[in-house]
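Here is a short report to read beside the sequence and the 3D view. It moves from the whole chain to single residues.

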Number of protein chains: 2
Amino acid sequence: MLVRMELRQLKGFVAVATSGSVTAAANDLGLAPASVSEQVRRLEAGLGVALFERTARGMRLTEPGTALLARAQGLLDHADEVRRAVTGARRRVRIGALEMLAAAKLPAVIRRLAERRPDLDVSVESRTRQSLLDAVAGGRLDAALLLDLGDRVGGLGFARPAGMDHVDVGEVRLSLVAAPDGDREPLLVSPSGCSIRLAADQLFGAEVPRRELSSITTAREWSRQGLGAALLPDFALGSDLDSGALVELGLDAPALALRLVWMREREPSLRDVLYALSAS
Amino acid sequence: MLVRMELRQLKGFVAVATSGSVTAAANDLGLAPASVSEQVRRLEAGLGVALFERTARGMRLTEPGTALLARAQGLLDHADEVRRAVTGARRRVRIGALEMLAAAKLPAVIRRLAERRPDLDVSVESRTRQSLLDAVAGGRLDAALLLDLGDRVGGLGFARPAGMDHVDVGEVRLSLVAAPDGDREPLLVSPSGCSIRLAADQLFGAEVPRRELSSITTAREWSRQGLGAALLPDFALGSDLDSGALVELGLDAPALALRLVWMREREPSLRDVLYALSAS
DNA sequence: GGGAGCATTCGGGAAAGCCTTATGCTGGTT
DNA sequence: AACCAGCATAAGGCTTTCCCGAATGCTCCC
């Protein structure tokens, strides 16, 4: 066989292709950029095909490169499945979650997964949404838990890589609240980019006067002190409604979806694992 | 990732596991035995598992080794499929056939394959049955064309490796013939091991007096000269019946199946290719 | 025009892959 | 009982691959 294509080289290729840069890929892999560059070069030589166009600003996939990317992760997953079958190693699923959700929502999801698939080791990390999406696209995470809206990933209004599948594993209710005798304006919002802020932007448009605060928690605190209204997720409300510290302003906001997303081309058995989380 | 498992090592492992010996595997791979031995050792170190028990007479698979063998060829096939998709290389299907069939029956089979799957390159070699079965089991051939009987591979009475699938792509009629005015005994048979001989053994048992000749062609020649009866396949009869050189002795022998066999665990797309040959 | 950010080249050291030859094992032969 | 055939593997040596840090060259942007 003239053709040489080794799994190690494919790992390097996938890292470069998904991160778009040799430097970033090298960081992910814990290698020097020169090493990754050479891996890619050897892979291209082995296949007899140019996988990237080199630009001064990074690497752009060629048409054969795109074809390889669509298949390489699946092959690596297959190899890993073989490895696990032979060594008896437990499968490790790496799940990331929005920092906002890690404390309040993630434990229940992980517990359900542990109950249904006790054969898995689950590892968890929390990050920002963009970092999560990048990590999922780059294969550094198997799936990510975030907040979203509608039938497609990104319905809440954020950009996401193509090729993602999702399943909704729960809901997060939103309430527009204010202190009982406090102001109903302005709308106290978290920084742009925050999921709740995206929801507020979709619900109220740009007309409503607003004040941007550093976090959801801060918005809640300000609203308790009567400085305005806040759109808060159920997990951030605590007992403020029961205690009367905050009252609901009667908005029938749509619930946000607690959504697990992953790359469609990953091995089918990953899909099974993740769907195990969906049916309640 | 601590674990190292490279495709090259898997190739070596498969070769050793299927041939049962490092030496034979090295021949197949075109490497020195020491190199293959080292490949296997490194693979075992990488997986952290013993794949073989070393005996003085060869290598015997351990339980994890068996698990790997069942999956490794599928992974290599997957890798090859990815390679083809990326390089645009045409798929090459290696088919072997019994020497007896190569001239008479193989061309029609190959022509049909070329018509139905013009995207394939087909390579052909002819060998003895045992050599064919070994090559198929060892992955050196994708499939083999041979003569058989009944619903299972080996129904004609030969030993075959486990895990083979098959599809019948045609029939070979058998006729018991003799010269019009020649002897009807003894039964002129080809050497043991020949498919026609196996069929004769099944049909007539051990009682019938027989004379063993060096080939089917010789048996036909002897029977034309009146020295006995012969069980001949349609493709070996030529025009002897039409010309009256031989007459049929009125035996309703079952037709042999022209049977394509391959290893079940090979990639599904191979199965599709081969099944393309079955429907007439 | 200078600098930031990028990929690549270069030189060298460590590891892997491969070879041939040598060694040790076991089971069958004479 | 000694020997030999066949096997896997160790030893030694060469070549290639892999990886590193440092240097180089490129382009875009300020």
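## Chain A as a whole

Two residues are in contact when heavy atoms lie within 4.5 Å. Among contacts in chain A between residues at least 6 apart in sequence, 72% join residues at least 24 apart. This is a predicted model: local features need pLDDT of at least 70, side-chain atom pairs count only at pLDDT 80 or more, and totals for chains, interfaces and linings use all residues. Residues are numbered from 1 along each chain as its sequence is written, chains are lettered from A and ligands numbered from 1 in the order in which they are written, and side-chain values use heavy atoms, with hydrogens and water left out.

Chain A has twelve helices and twelve strands. Helices (H or I, at least four residues) and strands (E, at least two) are DSSP runs, numbered from the N terminus. The C-alpha trace of chain A spans about 80 × 45 × 30 Å along its principal axes. Of the 280 residues in chain A, 48% are buried. Buried means under 20% relative accessible area, exposed over 50%, and partly exposed in between (1.4 Å probe, protein chains only).

## Domains and copies

Chain A is assigned domain 1 (7–86), domain 2 (90–170 + 257–275) and domain 3 (174–254). These bounds come from an automatic or database domain assignment. Taken over C-alpha atoms, the centres of domain 1 and domain 3 of chain A are 45 Å apart.

Chain A superposes on chain B by a rotation of 180 degrees, with 0.0 Å of shift along the axis and an RMSD of 0.1 Å. The two copies are thus related as by a two-fold rotation axis. Both copies use the same surface: 100% of the contact residues of chain A recur in chain B. The superposition is by least squares on the C-alpha atoms of residues with pLDDT of at least 70 in both copies.

## Helix α3 of chain B

Helix α3 of chain B runs over residues 33–47. At 1.5 Å a residue, its 15 residues should span 21 Å, and its end C-alpha atoms are 21 Å apart, which agrees. The expected span is 1.5 Å times one less than the number of residues.

Which residues of α3(B) are buried? They are Val36(B), Gln39(B), Val40(B), Leu43(B), Glu44(B), Gly46(B) and Leu47(B). They cover an arc of only 165 degrees around the axis, which puts them on the same side of α3(B). The arc is that of the directions from the helix axis to the C-beta atoms. An α-helix has 3.6 residues a turn, so residues three or four places apart point the same way. On the other side of α3(B), Ala34(B) and Ala45(B) are exposed.

The buried residues of α3(B) pack against α4 (63–87) of chain A. In chain B, they pack against α1 (7–19), α2 (22–29), β1 (52–55) and α4 (63–87). Gly48(B) follows α3(B), with a positive phi near 70 degrees.

## Helix α8 of chain A

Seven of the ten residues of α8(A) are buried, so this helix is largely enclosed by the rest of the structure. The buried residues are Ser195(A), Ile196(A), Arg197(A), Leu198(A), Ala199(A), Ala200(A) and Phe204(A). Just after α8(A), Gly205(A) has a positive phi of about 65 degrees.

Asp201(A) also sits in α8 (residues 195–204) of chain A. Asp201(A) is partly exposed, at 28% relative accessibility.

## Aromatic pairs

There are four aromatic pairs over all chains. One of them joins Trp262(A) and Tyr275(A), edge-to-face, at 5.9 Å centre to centre and 80 degrees between the planes. Trp262(A) lies in strand β12 (residues 256–263) and Tyr275(A) in helix α12 (residues 268–275) of chain A, so the pair ties together parts 13 residues apart in sequence. Rings of Phe, Tyr and Trp (its six-membered ring) pair if their centres lie within 6.5 Å; planes under 30 degrees apart count as stacked, over 60 as edge-to-face and the rest as tilted.

Trp262(A) is buried, at 2% relative accessible area, whereas Tyr275(A) is partly exposed, at 33%. In chain B, the rings of Trp262(B) and Tyr275(B) have centres 5.9 Å apart and planes at 80 degrees, so the pair is edge-to-face. Trp262(B) is buried, at 1% relative accessibility, and Tyr275(B) is partly exposed, at 34%.
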